[in-house]
Amino acid sequence: MALAYNHDEITPRELKPALLELEGISRETVEAHYKLYQGYVNKRNEILGKLAGVDLASANQVYSELRSLKLDLTFAVGGIKNHELYFEHLGGSGGDPSGVFGELVKRDFGSAAAWRADLKATGLAGRGWAWAAYDWDEGRLFNYLGDAQNAFPVWNATPLVALDVYEHAYFVDFGTDRAAYIEAFFNNLDFDVVNDWVQRYGIRT
Ligand SMILES: [Fe+2]
């Protein structure tokens, strides 16, 4: 019996023109980064196609194959979601968080500066990602750490800021100075986009 998978293909989202004119993060970096994102979309499509062809009749062999495909799927899908957040909320003018997100930050971290310092430190401590996420069970924001595309910290939390700290996000522009890149990331954040997400998900202070 083959696994019954609906494996409709998806296509990458287009890159917003504003992403090619960021402050401190070059067009070269963004274009190469966007190609990586396209790669995750292609990988997701390819893996779902392969999963649809897995024959469960040869069980023992299948489980190792299945393990590998399903792990790769989480990595590819994580890579898609993380980068869609990342690209979507860059292209703004940074500053202190505004609107409802700004209120959440003040309520849960005390100040915008404290929130930023915590997210920056989390980004310096992590291998791949740091996210500011609203945790629905806790009813508050946390800056969570992720080491890989598929190392999601917790269920039932909605990421609102996605800080990519893989070297590919900054090495061309900043060398090993990840801290300077994180400052540039903050300077390019678009809090209107973040507040649209806060509203869309019905998060309230
Ligand atoms: Fe990335």
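Q: In which loop is N188 found in this predicted model?
A: The model is a predicted one, and its helices are numbered from the N terminus.

Q: Is N188 buried or exposed?
A: The relative accessible area of N188 is 3%, and a residue counts as buried when this value is under 20%. Leaving aside neighbours within four places in sequence, N188 is in contact with several residues, including L22, E23, H89 and G91. Because its relative accessible area is 3%, N188 is buried.

Q: Which secondary structure pattern does the protein follow along the sequence?
A: The secondary structure comes to seven helices and three strands. Read along the sequence, these elements follow the pattern α-α-α-α-β-β-β-α-α-α.

Q: How compact is the protein for its 205 residues?
A: The C-alpha atoms fill a box of roughly 60 × 40 × 30 Å, taken along the principal axes. The globule rule gives 17 Å for 205 residues, and the radius of gyration of the protein is close to that, at 18 Å, so the protein is as compact as a globular protein of that length.

Q: How many residues does the largest nonpolar core have?
A: In soluble globular proteins, nonpolar side chains tend to be buried together. In this protein, 43% of the 205 residues count as buried. The residues with the most contacts inside the largest nonpolar core are F101, W115, L160, V161, Y181 and F185, and the elements that each supply at least two residues of this core include α1, α3, β1 and β3. The largest nonpolar core has 46 residues.

Q: With which residues is V161 in contact, leaving aside its neighbours within four places in sequence?
A: V161 is among the residues with the most contacts inside the largest nonpolar core, and β3, which spans 157-164, is one of the elements that supply at least two residues of that core. Leaving aside neighbours within four places in sequence, V161 is in contact with H89, F101, W115, L119, A130, W131, A132, F185, L189 and V194.

Q: Is α3 roughly parallel or roughly perpendicular to α4?
A: Two packed helices are described by the angle between their axes and the distance between the axes. The axes of α3 and α4 come within 8 Å and cross at roughly 80°. Angles from 65 to 115 degrees count as roughly perpendicular, which makes α3, in relation to α4, roughly perpendicular.

Q: Which residues of α4 do F101, V105 and F109 in α3 meet?
A: The residues of the contact of α3 with α4 divide into six nonpolar, no polar and one charged. On the α4 side, F101, V105 and F109 meet A112, A114, W115 and D118.

Methods. Residues numbered from 1 in each chain as written. Predicted model: local features only at pLDDT ≥ 70, side-chain atom pairs only at ≥ 80, totals over all residues. Heavy atoms only, no water. Core = buried A, V, L, I, M, F, W, Y, C linked by side-chain atoms within 4.5 Å. Buried < 20%, exposed > 50% of the residue type's maximum accessible area, 1.4 Å probe, protein only. Helix = DSSP H or I, 4+ residues; strand = E, 2+ residues; numbered from the N terminus. Contact = heavy atoms within 4.5 Å. Axes fitted to C-alpha atoms, helices over the stretch in contact; angles between N-to-C directions. Parallel < 35°, antiparallel > 145°, perpendicular 65-115°, else oblique. Nonpolar A, V, L, I, M, F, W, Y, C, P; charged D, E, K, R; others polar. Rg over C-alpha atoms; globule rule 2.2 N^0.38 Å.
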